[in-house]
Amino acid sequence: LTETISSLLKVSNQPFQLTIGIFFISISFIIITMESNFFKSILKRRGKFVMTEEEIETELMSTHYTFEEIVQQISDAASQYTQRFLENVAANVRMESCKETSKLNRKVVCCLNSLALKIDSETKKYIDGNEKDSKETSQRKEQLLLSSQEASYKMLRLANISDQIICAAISLLALTAKYDIIRERHLKKSTHYSLDLPIQVMRLSLTRTKDQDIKPNVINEEKEEQKEQFAAEVQRKGCLYLGALADGHVEIANQIVQNNGLEAILEGIYWFRYHLHVINWGLWAIFILCYDHVANKCEFIRLNGIGKVLRVMKNVLSDDENNDNEINDIDQNKEGLEVARHGVAILFDLMRHDSTSGQSGNQIALNFMQIRKIALNAGLHDVIIVAMNKFPDNTQIMMMGQQMLIATGYTGQMPQFQGAIVPKR
């Protein structure tokens, strides 16, 4: 930069030429600065949105390809992935160490995410009223949903896929979970679209995370942190998917628990017990699976669910300075509120007397006295008091918390409600 300015000064002393030279140099400097990671980091810190190359590729793919073409690309990629996996096994080479595999992973992730964008776009058309729900458009949307489910399952069936692909596949499944046509397919075509597959993928991902031998190394620190983030994201999105699929559907909820879905969720939140987002969606999914479902509540108790839920709530809501959560941050505080609300709701629903339990036609009965003893031994009072003190203006937490404390013989000072009785408009 200095040499260029000096040469300009030597060539001419005319003010106009000097001004033009400095102008072009300034433009070059601005372009270099904008392209640099330093500038991007400043934008991120200030809340500006900066699209990555992968996001740009996903956006372009969603815009310029039909969903049939994207699904075909996923099918081709799955065939290539299987062939490369067999070749690497024969050559005793790890999949993630191969550059071609990394490129293939990125392509698959972009394809899955572009299908998610298409579903989101189709949904907005009906919400905004831009397109009427005619027979033709309904069929097109149904085909998009079924093709997206098929593409996700195709990738999840592959051996030794990365957590990044698992995240994209389960995220796509979560977008389709609320539609009846998808739920019917799970029930009627359980051989090809078994609920066992995504649950097993969640558990295998968690097992890999537990078995990782992480050695302190400055060079690999960022890479290992990224791996852990993807592993946590698999559990978070898995919980979101299972909860969305079971929401309002008793038969699906029963099948998820029968296929060890509840156990997978409990394992995930207990391992990532300081990860706010995993715990939030995990507790939400547990509530969906167990609410007004006696058999699932019994399974939850058998899996020591009460102790695990109280433990993760305590870790997240505790004021211990050694915790990594920054609960005072606005976003974290909102997520912490949801953790407290979902956790308190699970415990309240579990300990309230269920009039349907033990009646004719329902052979399973809950022992409420035993449930309360388990909860008290696991530290129920301490966790409920922390939740109530942290969010004293939340009506649901305060009302359910007070009733549980009274029902279990709490004799200490009861936290008082500090919110508005009539919600502000």
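1. Let's begin with a rule for rings: those of Phe, Tyr and Trp (its six-membered ring) make a pair if their centres lie within 6.5 Å, and the pair is called stacked with planes under 30 degrees apart, edge-to-face over 60 and tilted for the rest. By that rule you'll find three aromatic pairs here. One of them joins W281 and W284, edge-to-face, with 5.4 Å centre to centre and 85° between the planes. The two tryptophans are three residues apart in helix α14 (residues 276–290), so about one helical turn separates them. Helices here are DSSP runs of H or I with at least four residues, and strands are runs of E with at least two, numbered from the N terminus.

2. A word on the ground rules. This is a predicted model, where local features need pLDDT of at least 70 and side-chain atom pairs count only at pLDDT 80 or more, while totals for chains, interfaces and linings use all residues. Residues are numbered from 1 along each chain as its sequence is written, and side-chain values use heavy atoms, with hydrogens and water left out.

3. Back to the tryptophans: are they buried or exposed? W284 is buried, at 18% relative accessible area, and W281 is partly exposed at 26%. (Buried means under 20% relative accessible area, exposed over 50%, and partly exposed in between, with a 1.4 Å probe and protein chains only.) F287 and Y291 form another aromatic pair, this one tilted, with 5.3 Å centre to centre and 35° between the planes. Both of its members are partly exposed: F287 at 23% and Y291 at 44%.

4. Next, the second largest pocket, which holds about 520 Å³ of space. (On a 1 Å grid over the protein atoms alone, a pocket is an open set of points where a 1.4 Å probe fits, with protein on both sides within 12 Å along at least five of seven lines; lining residues have an atom within 4 Å of a point. Points are joined across faces, edges and corners, and the volume is the space filled by probe spheres set on them.) Its lining has 18 residues, and E54, E55, T58, V109 and N113 lie nearest the centre. Which helix gives the largest share of that lining? That's α6, with five residues.

5. Now the cysteines. The structure holds zero disulfides, a disulfide being a pair of cysteine sulfur atoms within 2.5 Å. C110 is in none: the nearest cysteine sulfur, that of C111, is 7.1 Å away. C110 is also buried, at 0% relative accessibility. As for C298, its sulfur is 9.8 Å from the closest cysteine sulfur, in C290, which is too far for a bond.

6. Finally, some backbone angles. Most residues other than glycine have a negative phi. D292, in the loop between α14 and α15 (294–302), has a positive phi near 55°. N304, in the loop between α15 and α16 (305–317), has a positive phi near 60°. D292 is partly exposed at 47% relative accessibility, and N304 is partly exposed at 42%.
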